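Here's a walk through one protein model, with the geometry spelled out as we go. Have the viewer open and follow along.

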Amino acid sequence: MKEVGYFFDIKRVASLIKLLRARKVLIQLPEGLKRYAINIVKELEKFLPKGVIVFISGEKAYGACDIAFEEAKMLKADLIIHYGHTPRYYPGEDIPVLYISAFSNLTLSEKLCNKLVKVLNEANIKRVGVTAVIQHSPLHKELRSILRKHGFNAYIGRGYGVPDGIVIGCNYTSAMNINDLVDAHIIIAGGLFHGLGLRIATGKKVYVLDPYRDDIIDIEKEYRRVYALSISHILRASKAKVFGIIVCLKSGQFNIKTALKIKQRIVEHGRKAIILTMRDITWDKLLSFPSIEVFVNTGCPRLALDDRRVMKIPIIAPHELEFILERRDIAGYQMRI
């Protein structure tokens, strides 16, 4: 693994804190950036007036759907600084949120780019879409240029709600908008999470360009594993009589209207359902309801997909109810984001 640093834009953040005259500031960091918390506060305090208090949230921050408004209100914070995710607008909230991308300092090595060219040529792929997660957005235009120099038709799509060429766990519009133009997608990201989502969303071949490990990963094996798990959960849930409908209380995942509609449909089909509310959805919490035979997730769409390996009781997405309640042919099943 390469040694990684991130650009936390300390001077700009301090300037905006002063401009907004904030006296109490709450900083949210994703898990991978929490180890930099002490340095962030130390550097910020060099540029801030005396009396400004900076808090670091110890709660998990999964994305822009997970803004700590309640935490900030309890602290009487004037400003939330949210690192590592793309902006999201919350009408009606009176605490401003400053989104900072935290760009990685990793670069695309010549070795990695040459390996990618070889992989694409061997697969006879000439038309590719290029995407990245927000930390690596400075790299996707560079990769497009490199691929074009090697004779590939490389595209960066326009995103809706995200910058062009950027994807997040529940928004792949920048890839979808060029999907008809390409034979495969390349995503610059660490790990498999975003690559799997891109494969599900586009239905096309996906390669993860991992600058941390200097490696290329074909996501197809992981996709097939998750697909098989999804089928297994639906089949196991098909005979369930008691459903638990999960409502996530996070600011960007709260979906009570959908939960109420789902409960009504389940009851109309002669089965029982209760609505469960929770902020962080964990297996330990779900185990507290032993009478529930299947859980329906209305929060982050990735939960029902990514956690199925560890979930001992079936957990399904709302659209998968059709295969249970309406007894649709499982052969027509497709995963969704």
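Strand E9 (residues 184-188) and strand E10 (residues 205-210) run parallel, joined by 5 bridges. A quick word on terms: two strands count as paired if DSSP finds at least two bridges between them, while helices (H or I, at least four residues) and strands (E, at least two) are DSSP runs, numbered from the N terminus. Within this pairing, Ile187 sits opposite Val208 of E10. Before going further, note that this is a predicted model, where local features need pLDDT of at least 70, side-chain atom pairs count only at pLDDT 80 or more, and totals for chains, interfaces and linings use all residues. Residues are numbered from 1 along each chain as its sequence is written, and side-chain values use heavy atoms, with hydrogens and water left out.

Zooming out, E9 and E10 belong to an open sheet of 5 strands, ordered E8-E7-E9-E10-E11, with mixed pairing. Strand E8 (153-155) and strand E11 (215-218) are the edges; each has a single partner strand, so one side of each has no neighbour in the sheet. From one strand to the next, the twist averages 25 degrees (axes are lines fitted to C-alpha atoms, for helices over the stretch in contact, and angles run from 0 to 180 degrees between N-to-C directions).

## A four-strand parallel sheet

There's another open sheet, made of 4 strands in the order E13-E12-E14-E15, and its pairing is parallel. Its edges are strand E13 (272-278) and strand E15 (315-316), each with a single partner strand, so one side of each is left without a neighbour in the sheet. Strand E14 (residues 294-297) pairs with E15 in the parallel sense over 2 bridges, and Val296 has Ile316 in E15 as its bridge partner.

Helix H9 (residues 256-268) lies across strand E12 (242-248), E13 and E14, and runs at about 170 degrees to E12. Lys263 is part of H9. The cut-offs for relative accessible area are under 20% for buried and over 50% for exposed, with partly exposed in between (1.4 Å probe, protein chains only). Setting aside neighbours within four places in sequence, Lys263 is in contact (heavy atoms within 4.5 Å) with Ile245, Ala273 and Ile275.

In helix H2 (residues 37-47), the buried residues are Ala37, Ile40, Val41 and Leu44. They span an arc of only 95 degrees around the axis, which puts them on the same side of H2; the arc is that of the directions from the helix axis to the C-beta atoms. Ile38, Lys42 and Lys46 are exposed on the other side of H2. What do the buried residues of H2 pack against? Their partners are helix H1 (10-19), strand E2 (24-28), strand E3 (53-56) and strand E4 (79-83).

H1 can be read in a similar way. Ile10, Val13, Ala14 and Ile17 are buried in H1, and they cover an arc of only 100 degrees around the axis, so they fall on the same side of H1. Lys11 and Leu19 are exposed on the other side of H1. The cover over the buried residues of H1 includes E2, H2, E4 and strand E5 (97-100). Just after H1, Arg21 takes a positive phi of about 55 degrees.

## Rings and charges

The structure holds 8 aromatic pairs. The rings of Tyr6 and Phe8 have centres 6.4 Å apart and planes at 45 degrees, so this pair is tilted. The criteria: rings of Phe, Tyr and Trp (its six-membered ring) pair if their centres lie within 6.5 Å, with planes under 30 degrees apart called stacked, over 60 edge-to-face and the rest tilted. Both Tyr6 and Phe8 are buried.Tyr6 also pairs edge-to-face with Tyr36, at 5.7 Å centre to centre and 75 degrees between the planes. Since Tyr6 lies in strand E1 (residues 6-7) and Tyr36 in the loop between E2 and H2, the pair ties together parts that are 30 residues apart in sequence. Tyr36 is buried, with a relative accessible area of 13%. Tyr6, Phe8, Tyr36 and Tyr83 form one aromatic cluster.

Charges sit over rings too (NZ of Lys or CZ of Arg within 6 Å of the ring centre and within 35 degrees of the ring normal). Arg302 has its charged end over the ring of Phe193, 3.8 Å from the centre, and Arg328 lies over the face of Phe323, at 4.6 Å from the ring centre.
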